[in-house]
Amino acid sequence: MLNRKWVALFSQTGSELANICREINTVPNLIITNKENIESIDPWLLDNCFNKIIMLPLKPTLEEYNTALKQERFNPKNTFLSMHGYLRIIPKEICNKWEIYNGHPGLINSYPELKGFDPQKRSLTYKEIGSVIHRVNEHVDDGEVIISTSIVNNYTNEADITNALRSTSLKSWLNFFSVRTNFGIKI
């Protein structure tokens, strides 16, 4: 059980979110996705969280975000948002009001050039690869890095790097949920 309310966002399959939920044995209070096709959402999320999923348009407006976040009377003082492959820039007004964290599959604290879309493709030549959890602001991957998980890059292709980064991302999120006492899990 989380000490605070949790809203999670994703754009792709939601598989990272499903893996996190299974590991920490809890689910978000609300899941927001701009996924247009419900059939391609991770089956575990559909089985365990279907009544918590809100589908927004591909490019949500400020009003649509605000409407979604009014569910369950969420309050910015006791609610945090997490992004798991959410491929939209959150409006400044939402960033300024809510505490939002993003998982990014690139060590932007060491290599700022890995900010933005598909850092996996650009990581082949780096000696160290990994994932970070950072605060979200209105700029792409620009907020303060909270947690960083890195490994030596022994990989020679994008598929292997992508799989390794999935693992470092999961480790980062588990660290986020278990170590940070204000987000901790009551077990």
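This is a short chat about a few residues in a predicted model.

Q: Which residues of helix α1 are buried?
A: Helix α1 covers residues 15-24, and its buried residues are L17, A18, I20, C21 and I24.

Q: And where do they sit around the helix?
A: Looking down the axis of α1, the buried residues fall within an arc of 165 degrees, so they line one face of the helix.

Q: What comes just after α1?
A: N25 does, and N25 takes a positive phi of about 60 degrees.

Q: Going back a bit, where is S11?
A: S11 lies in the loop between β1, which is residues 5-10, and α1.

Q: Buried or exposed?
A: S11 counts as buried because its relative accessibility is 11%, and the cut-off for buried is under 20%.

Q: What does the side chain of S11 make a polar contact with?
A: With the side chain of N34, at 2.6 Å. Leaving out residues up to four places away in sequence, S11 also touches others, including T33, H84 and Y86.

Q: OK, T33 then. Which strand is that in?
A: T33 is in strand β2, residues 30-33. T33 has 0% relative accessibility, so this residue counts as buried too.

Q: What lies 2.8 Å from a polar atom of the T33 side chain?
A: The backbone oxygen of F10. Among the residues T33 touches, not counting those up to four places away in sequence, are F10, S11, I41 and I53.

Q: New topic: how many aromatic pairs are there?
A: The count is ten. One of them is W6 with F80, a stacked pair with 6.3 Å centre to centre and 10 degrees between the planes.

Q: Which strands are W6 and F80 in?
A: W6 is in strand β1 and F80 is in strand β4, residues 79-83, so the pair ties together parts that are 74 residues apart in sequence. Both W6 and F80 are buried.

Q: Which residues do ring pairs link into a cluster?
A: Ring pairs link W6, F80, Y101, W173, F176 and F177.

Q: Last one, C95. Which helix is that in?
A: C95 is in helix α4, residues 92-97. At 8% relative accessibility, C95 counts as buried.

Q: How far apart are C95 and H139?
A: They are 44 residues apart in sequence and 9.7 Å apart in space, C-alpha to C-alpha.

Q: And which residues is C95 in contact with?
A: Setting aside neighbours within four places in sequence, C95 is in contact with I90, I100, V136, N137 and E138.

Notes:
Residues are numbered from 1 along each chain as its sequence is written. This is a predicted model: local features need pLDDT of at least 70, side-chain atom pairs count only at pLDDT 80 or more; totals for chains, interfaces and linings use all residues. Side-chain values use heavy atoms; hydrogens and water are left out. Buried means under 20% relative accessible area, exposed over 50%, partly exposed in between (1.4 Å probe, protein chains only). Helices (H or I, at least four residues) and strands (E, at least two) are DSSP runs, numbered from the N terminus. The arc is that of the directions from the helix axis to the C-beta atoms. A polar contact is a pair of N or O atoms within 3.5 Å; within protein, one must be able to donate a hydrogen and the other to accept it, and residues adjacent in sequence count only if both atoms are side-chain atoms. Contact means heavy atoms within 4.5 Å. Rings of Phe, Tyr and Trp (its six-membered ring) pair if their centres lie within 6.5 Å; planes under 30 degrees apart count as stacked, over 60 as edge-to-face and the rest as tilted.
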